[in-house]
Amino acid sequence: MKFKLKTLALGAALSLGTLVAHAGVITLNTDASDPAPKAAFEALVKSFEAANPGITVKVNTFDHEGYKTSIRNFLTADAPDVVNWYAGNRMAPFVDAGLFEDVSDVWKAEGLEKTLASAAPSMTQNGKQWGIPYTYYQWGVYYRKDIFDKLGIAEPKNWEQLVAASKKLKENKIAPFAIGTKATWTTGGWFDYMNLRVNGYQFHMDLTAGKVPYTDKRVAAVFDKWDDLVKPGYYMDNHASYQWQEALPAFVKGDAAMYLMGNFAVAPMREAGLKDEQIGFMQFPEITKGLPMAEDAPTDTVHIPAKAKNKADARKFLAYIASAKAQSEMNKTLGQLPVNNQSASPDDKFLKAGFSMLSSAKGLAQFYDRDASAEMAKAGMDGFQEYMLKPERRDAILKRLETVRKRAYK
Amino acid sequence: MSHTAPPSSSWWARHQKTIAPWLFLAPALVMFGVYVIAPIFESMALSLYDWDGLGTPKFVGLQNYFDLWDDPDFWMSLKNNLIWIFGFMLAVPAGLFLALFLNQTVFGIRLFKSLFFFPFVISQVVLGLVFSWFYDPSNGLLALVFTSLGLEPLAVLSDDTIVTYGIVVAGLYPQIAYCMILYLTGLNGVRPDLIEAARLEGARGWTMLWRVVLPQLRPATFIAVVVTIIGSLRSFDMISIMTQGGPYGSSRVLAYYMYEVALSEYGYRMGYGTAIATVLFFIMLVYIGFVLRRIYRQEQES
């Protein structure tokens, strides 16, 4: 009941907003409500309006959680002209329901197959492109360089070295890995990397697309390796009580030495007082020898709703946000990587490392909860969390995931 | 003799007394019908469909209910709902105790009454946050108490065996205050002459409470039990704030599970969600029917 009222109120507010819409005005619905994304979008809108006199952009900003529910309402009921969303399987339901506009023409006209090449597969469905990616960021292991130096640990390059480093840290009463799994998505990052390193990119994509059973031997092999970290207790204690931000103080205080995270974790680490010299960044180490390395790099995108009123101007906006210039500027503010490969390369230490890592990656995964279907993602991440707390239940968990997979991908 | 109206009076004058209340009720009835009754039936109908909220709904008959039967998460939620009901019932005696304790004429008692009532006034979200900090296994107050006693701190919110009890305790905190207020109001209506008479007869202490005061508090007790049970069945906010149903879904209740499968980030199985809602609705319906029957009987007796 409560939710219904909320969506009704939202609907009413939106329809008021679009009453004033006319040619020359495009409305942009976005969840860029955090300071950096907000500033990035404000600057983008300003420079777009300057470059396209006669078009004004009306921005409606939502909070993240509210956005996820309301996008379904405004796409069907009263669509704006441009919306924010995510690449990969996350956009599939909207494409399948015919709610997103096919923008392959923009891709062709602007030559985006070349400039946005790395993200093209995750924007393509049924052979067409459905939006424009404008930013992404790397995932990897951030570690306390000072602690590693003090204990004489070198940056681990393969699995054996990683396990050995963990053992040494644990012996010195330092938790090898910081993690907070209260919101279970953090476990998805671990599963992604374990699976990408044990079985490789293609298998991971097949698994998240629902083509491989979770009871497959190769999935079990992932957990055999994962056991090396879970069973000796190499993750910080009580991680299920914390959000990822709440696990950060352990890393900052030096109670934990490594953190598998997205690059967005660097800003809060710096704010908490860590110097850049104290933080190291490494690619998730190799597990299966000789397997090409693929990485997690979630991509944020913009789309035109199929029911948009001013599609002509919206296309201009998409073309603009695809340009190298716009992406360089935006990502400088966002502290993330531009997708357009003609953009200026970043001058931040971690972004530079991420940029060179991602440009040599065998493939880019979007993240477990964007690659897998929603229902599978929820069950999967709950299962990974349960496994990390009760590794002995592994077989029962995988059996349950297989039941969910059969239902979710029928 | 019949009281036929004088022939001069209009149809309106003759029927005014029967029609007027309905006219006053009409706006409320319409709203109630459109926004409460109709959606209930709509949801029930929807529970027979497979629908992601976007495409065309697919009729699947009772499939969603069969899936529920085989769904361990559903049974876990139902079990937790039962824990909530029984745990929450503690709020009734606790509220009574507090009310008796505070029902005195001492200087400043109103201040204490307001202090005790305070938990009910603050938002459940705030309470959930405060209790999360309280339970925090490394820096929380509870952990400090445990370590000072030389015990291993308890990770209340990440242990699947105790997490629900932990949240119920947090939920009890405002619920006790609510029951206390109900009893305080009830105590205002206790007849002093009866107390006086009982005292002359030599009743005191437990006997006085059990035989004289409590029977007079029956309406208050009744309301307290009803709101407490309904409150426990609707529990949602605390779970959402404190654990988000975790660890691995072990603190979900039906209302939260319904939200998760139908409306949350990873949900959008509308049919399945409404099937859960329908089950919850029938549980409440059976309970409310039982309550109404008791009220009706009591009215007849007195």
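Between which strand and which helix of chain A does the loop that holds A:Phe367 lie?

## Two residues with a positive phi

In this predicted model, A:Phe367 is found in the loop that runs between strand 13 (364-365) and helix 18 (368-371) of chain A. The residue has a positive phi of about 125°, although it is not a glycine. Its relative accessible area is 5%, and A:Phe367 is therefore buried, since buried means under 20%.

B:Gln244 lies in the loop between helix 12 (237-242) and helix 13 (254-262) of chain B, and with a relative accessibility of 29% it counts as partly exposed.

## A buried glutamine in a loop

The loop between helix 16 (324-334) and helix 17 (349-359) of chain A contains A:Gln336.

The side chain of A:Gln336 makes a polar contact with the side chain of A:Thr135, at 2.8 Å. When residues up to four places away in sequence are not counted, A:Gln336 touches A:Thr135, A:Tyr136, A:Tyr137, A:Asn331 and A:Leu351.

## The nonpolar cores

The largest nonpolar core has 132 residues, and those with the most contacts inside it are A:Ile132, A:Trp190 and A:Trp226. Apart from this core lies another, of 63 residues, which includes B:Leu172, B:Val213, B:Ile229 and B:Phe236.

What surrounds A:Trp226, once its neighbours within four places in sequence are left aside? A:Trp226 is in contact with A:Thr187, A:Trp190, A:Phe191, A:Met194, A:Tyr235, A:Phe384, A:Tyr387 and A:Met388. One of these partners, A:Trp190, is itself among the residues with the most contacts inside the largest core.

## Where chain A meets chain B

The contact between the two chains takes 37 residues from chain A and 32 residues from chain B. The area buried between chain A and chain B is about 2800 Å², and carbon and sulfur atoms give 54% of this area.

Across this interface there are 12 residue pairs in polar contact, counting pairs in which both residues have a pLDDT of 80 or more. On the side of chain A that touches chain B, the elements giving two or more residues are helix 1 (2-19), helix 3 (64-76), helix 4 (92-96), helix 19 (374-389) and helix 20 (394-408) of chain A. The largest share, 9 residues, comes from helix 19 of chain A. By residue type, the side of chain A that touches chain B divides into 15 nonpolar, 6 polar and 16 charged residues.

Between chain A and chain B the count is 5 salt bridges. One salt bridge joins the side chains of A:Arg393 and B:Asp160, with a distance of 3.3 Å from N to O. A network of salt bridges also links residues of both chains, namely A:Lys378, A:Asp382, B:Asp73, B:Arg252 and B:Glu260.

## Salt bridges within chain A

Over all chains, a search of the whole structure finds 31 salt bridges. In one of them, the side chains of A:Asp78 and A:Lys309 meet at 3.2 Å, N to O. This pair links distant parts of the chain, 231 residues apart: A:Asp78 is in the loop between helix 3 and strand 3 (82-86) of chain A, while A:Lys309 is in the loop between strand 12 (299-303) and helix 15 (311-322) of chain A. A:Lys309 has a relative accessible area of 55% and is exposed, because that value is over the 50% used for this class.

A:Arg270 forms a salt bridge with A:Asp348, and their closest N and O atoms are 2.8 Å apart. Here too the pair links distant parts of the chain, with A:Arg270 in helix 14 (residues 266-271) of chain A and A:Asp348 in the loop between helix 16 and helix 17 of chain A, 78 residues apart. A:Arg270 counts as partly exposed at 31% relative accessibility, whereas A:Asp348 is buried, with a relative accessible area of 19%. In a further salt bridge, A:Lys157 is joined to A:Glu155, the closest N and O atoms being 2.9 Å apart. A:Lys157 is exposed, with a relative accessible area of 54%, while A:Glu155 is partly exposed, with a relative accessible area of 27%.

Notes: Residues numbered from 1 in each chain as written. Chains lettered and ligands numbered in written order. Predicted model: local features only at pLDDT ≥ 70, side-chain atom pairs only at ≥ 80, totals over all residues. Heavy atoms only, no water. Helix = DSSP H or I, 4+ residues; strand = E, 2+ residues; numbered from the N terminus. Polar contact = N/O pair within 3.5 Å; in protein donor to acceptor, adjacent residues only side chain to side chain. Contact = heavy atoms within 4.5 Å. Core = buried A, V, L, I, M, F, W, Y, C linked by side-chain atoms within 4.5 Å. Buried < 20%, exposed > 50% of the residue type's maximum accessible area, 1.4 Å probe, protein only. Buried area = accessible area lost by both parts, 1.4 Å probe. Salt bridge = Lys/Arg side-chain N within 4 Å of Asp/Glu carboxyl O. Nonpolar A, V, L, I, M, F, W, Y, C, P; charged D, E, K, R; others polar.
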